[in-house]
Amino acid sequence: MSDVDTLDHVSRVEAGDAGTVEIGLVGEAQMGQLFSIFSDVVARGDGFPQQPPLTRSVFEDVWASPVTLVAGAMRQGELVGAYYLKPNLPGMGSHIANAGYVVDRRYRGRGLGRLLVEDSIGRAPLAGFDAIQFNFVFGDNPARALYEDLGWQVVGKVPDGIAPGRDAIIYWRAVP
Ligand SMILES: CC(C)(COP(=O)(O)OP(=O)(O)OC[C@H]1O[C@@H](n2cnc3c(N)ncnc32)[C@H](O)[C@@H]1OP(=O)(O)O)[C@@H](O)C(=O)NCCC(=O)NCCS
């Protein structure tokens, strides 16, 4: 599990044959790389609802504003995966984070996604959140196994939320 103890903590971890990666906060300098990873995710309809082609403005709605933090995995100076945390709702709902995770397609299946989700569980309380909720997980997304393994509970289902015959699942877990 994550050893994050300050908001700007950087962890150095081994990610299978991806080698050593550093997980920490992502700044402006990595936003171009993140745009490219997220463009590919959106183009393939891979777990996020945005319509392709990804525009800068839609990218910023997801990853820049209103986002509390973006953290990511750097490998040899290259961003290979990232997640955001932001308030799930304003006011009374703002103690709960919403999060979204992406890993560069070339580096999937090596444990990076698990490392990022674990990191978010450690970093979210340091940003003032006491839970993380996912509002729109594709019912057929293999990432569901990861979320359930790491303690998320299904708290709702939106019938046909994604498309006819494809439900959206709502997940919640307290953090840490
Ligand atoms: C979801 C995502 C971040 C996972 O990243 P990853 O680096 O491939 O994940 P990992 O290698 O750490 O795999 C972790 C677990 O996820 C599950 N998993 C992820 N992708 C899977 C796949 N294609 N098939 C089967 N299981 C998969 C497995 O349960 C795996 O378990 P394990 O740790 O016991 O092997 C990545 O697939 C991705 O960017 N997908 C597109 C965007 C997306 O769907 N984000 C989530 C939106 S809700």
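**Note on a predicted model with an eight-stranded sheet**

1. The chain forms an open sheet of 8 strands in the order E1-E2-E3-E4-E5-E6-E8-E7, and the pairing within this sheet is mixed. Its edge strands are E1 (11-14) and E7 (153-163), each of which pairs on one side only. From one strand to the next, the twist averages 25°. Helix H1 (residues 31-43) packs on the sheet, where it touches E4 and E5, and the direction of H1 makes about 80° with that of E4.

2. Read from the N terminus, the elements follow the pattern β-β-α-α-β-β-β-α-β-α-β-β. The C-alpha atoms fill a box of roughly 40 × 35 × 30 Å along the principal axes. A compact globule of 176 residues would have a radius of gyration near 16 Å; the chain has 15 Å, and the two values agree.

3. Of the 176 residues in the chain, 31% are buried. When contacts between residues at least 6 apart in sequence are considered, 59% of them join residues at least 24 apart.

4. Because 8 of its 10 residues are buried, strand E4 is largely enclosed by the rest of the structure. On one side, E4 pairs with strand E3 (residues 69-75) in the antiparallel sense over 7 bridges. Within this pairing, Met 74 has Leu 79 of E4 as its bridge partner. The hairpin of E3 and E4 has 2 residues between the strands, and Gln 76 there takes a positive phi near 50°.

5. E4 also pairs with strand E5 (residues 96-103), again in the antiparallel sense and over 7 bridges. Here the bridge partner of Lys 86 is Asn 98 in E5.

6. At the E7 end of the sheet, strand E8 (residues 166-174) runs antiparallel to E7, and 6 bridges join the two strands. Gly 156 stands opposite Ile 170 of E8.

7. Tyr 107 lies in the loop between E5 and helix H3 (112-126). Is this residue, Tyr 107, buried or exposed? Tyr 107 has 21 other C-beta atoms within 10 Å, and 20 or more are required for burial, so Tyr 107 is buried. Apart from neighbours within four places in sequence, its contacts are Ala 18, Val 80, Gly 81 and Leu 112. Tyr 107 and Gly 47 are 60 residues apart along the chain, and their C-alpha atoms are separated by 16 Å.

8. The surroundings of the ligand complete the description. The ligand is surrounded by 21 residues, the closest being Gly 47, Arg 108, Gly 113, Pro 142 and Ala 145. Two or more residues of this shell are given by each of E5, H3, strand E6 (131-138) and helix H4 (143-149). Which element gives the largest share of the shell around the ligand? That share comes from E5, with 4 residues. By residue class, the shell around the ligand divides into 11 nonpolar, 6 polar and 4 charged residues.

Terms used. Residues are numbered from 1 along each chain as its sequence is written. This is a predicted model: local features need pLDDT of at least 70, side-chain atom pairs count only at pLDDT 80 or more; totals for chains, interfaces and linings use all residues. A residue is buried if 20 or more other C-beta atoms lie within 10 Å of its own, exposed if 12 or fewer, and partly exposed in between; C-beta atoms are placed from the backbone. Two strands pair if DSSP finds at least two bridges between them. Two residues are in contact if their C-beta atoms, placed from the backbone, lie within 7 Å. The radius of gyration is taken over C-alpha atoms; the globule rule is 2.2 Å times the number of residues to the power 0.38. Axes are lines fitted to C-alpha atoms, for helices over the stretch in contact, and angles run from 0 to 180 degrees between N-to-C directions. A residue is near a molecule or strand if its C-beta atom, placed from the backbone, lies within 6 Å of it. Ala, Val, Leu, Ile, Met, Phe, Trp, Tyr, Cys and Pro count as nonpolar, Asp, Glu, Lys and Arg as charged, and the others, Gly among them, as polar.
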